[in-house]
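Please look over the structure below before reading on. The briefing then takes up a few of its features by topic.

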Amino acid sequence: IESFGELEDAADRRRYMHEALGAYRDFEACVKPTVAAVHGHALGGGCELTMVCDIVVADETAQFGTPEAQVGLVPGLGVVRGLAHLNLHWMKYLVLTGESLTASQAQLAGLVNVVTPPGEHIREAERLARLIAQRAPLAMSVGKQILGRHADDGYGHGIDAVAFLQGTDDQAEGIAAFRERRAPDFKGR
């Protein structure tokens, strides 16, 4: 978070966001199915990474959130891909409040497929991966392609939006507050 303040100009911010969102896009475009196993906090980029995985298993300790609003930003990938998983009200809750969801809330919202007892997330993710590996690889790849046909929708808008916000006074104040461990004083500039 602190390094966001080191991005010097609009072109720098756009390059950074293009690279960051491009990594998520590449992960999402992987022809092989992906299974996330989550224990503990999946906040910001970690939460967004679960949004580009095909299946998400979380144990009861997991917390999911997009706290970017606390530093004057929005989750770039979250606003682009979040609605593929969560309904509009849950996505607005995450983006606008910056609060976290428990594993059970995340499952209710559609972000998590399976919730396990603490420490059982890897075992369940491996079980699902073995099950998927027994299926026809071409069918799995084609299924992913069909289901993900709208994956590129909005990436450009996400890059532009976050690059813009990274140049605002509010975002600079959010980073300063983060560094100083205090509440930010946003002015809407």
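The model is predicted.

**Helix 6**
- Helix 6 covers residues 121–133, and at 1.5 Å a residue its 13 residues should span 18 Å.
- The C-alpha atoms at the ends of helix 6 are 18 Å apart, which agrees with that expectation.
- His-121, Glu-124, Ala-125, Leu-128 and Ile-132 are the buried residues of helix 6.
- Viewed down the helix axis, these buried residues fall within an arc of 100°, so they line one face of helix 6.
- An α-helix has 3.6 residues a turn, so residues three or four places apart point the same way.
- Arg-123 and Ala-133, on the other side of helix 6, are exposed.
- The cover over the buried residues of helix 6 includes strand 1 (35–38), strand 3 (55–59), strand 6 (114–116) and helix 7 (137–147).

**The aromatic pair**
- One aromatic pair turns up in a search of the whole structure.
- The pair is formed by Trp-90 and Tyr-93 and is edge-to-face, with 6.2 Å centre to centre and 75° between the planes.
- Trp-90 and Tyr-93 are three residues apart in helix 4 (residues 88–97), so about one helical turn separates them.
- Tyr-93 has a relative accessible area of 31%, so Tyr-93 is partly exposed.

**Val-95**
- Val-95 also lies in helix 4.
- With a relative accessible area of 12%, which is under 20%, Val-95 counts as buried.
- Leaving aside neighbours within four places in sequence, Val-95 is in contact with Thr-66, Ala-69, Val-74, Pro-75 and Val-79.
- Val-95 and Gly-82 are 13 residues apart along the chain, and their C-alpha atoms are separated by 9.7 Å.

Notes: Residues numbered from 1 in each chain as written. Predicted model: local features only at pLDDT ≥ 70, side-chain atom pairs only at ≥ 80, totals over all residues. Heavy atoms only, no water. Helix = DSSP H or I, 4+ residues; strand = E, 2+ residues; numbered from the N terminus. Expected span 1.5 Å × (residues − 1). Buried < 20%, exposed > 50% of the residue type's maximum accessible area, 1.4 Å probe, protein only. Arc of directions from axis to C-beta. Contact = heavy atoms within 4.5 Å. Phe/Tyr/Trp six-rings, centres within 6.5 Å; stacked < 30°, edge-to-face > 60°.
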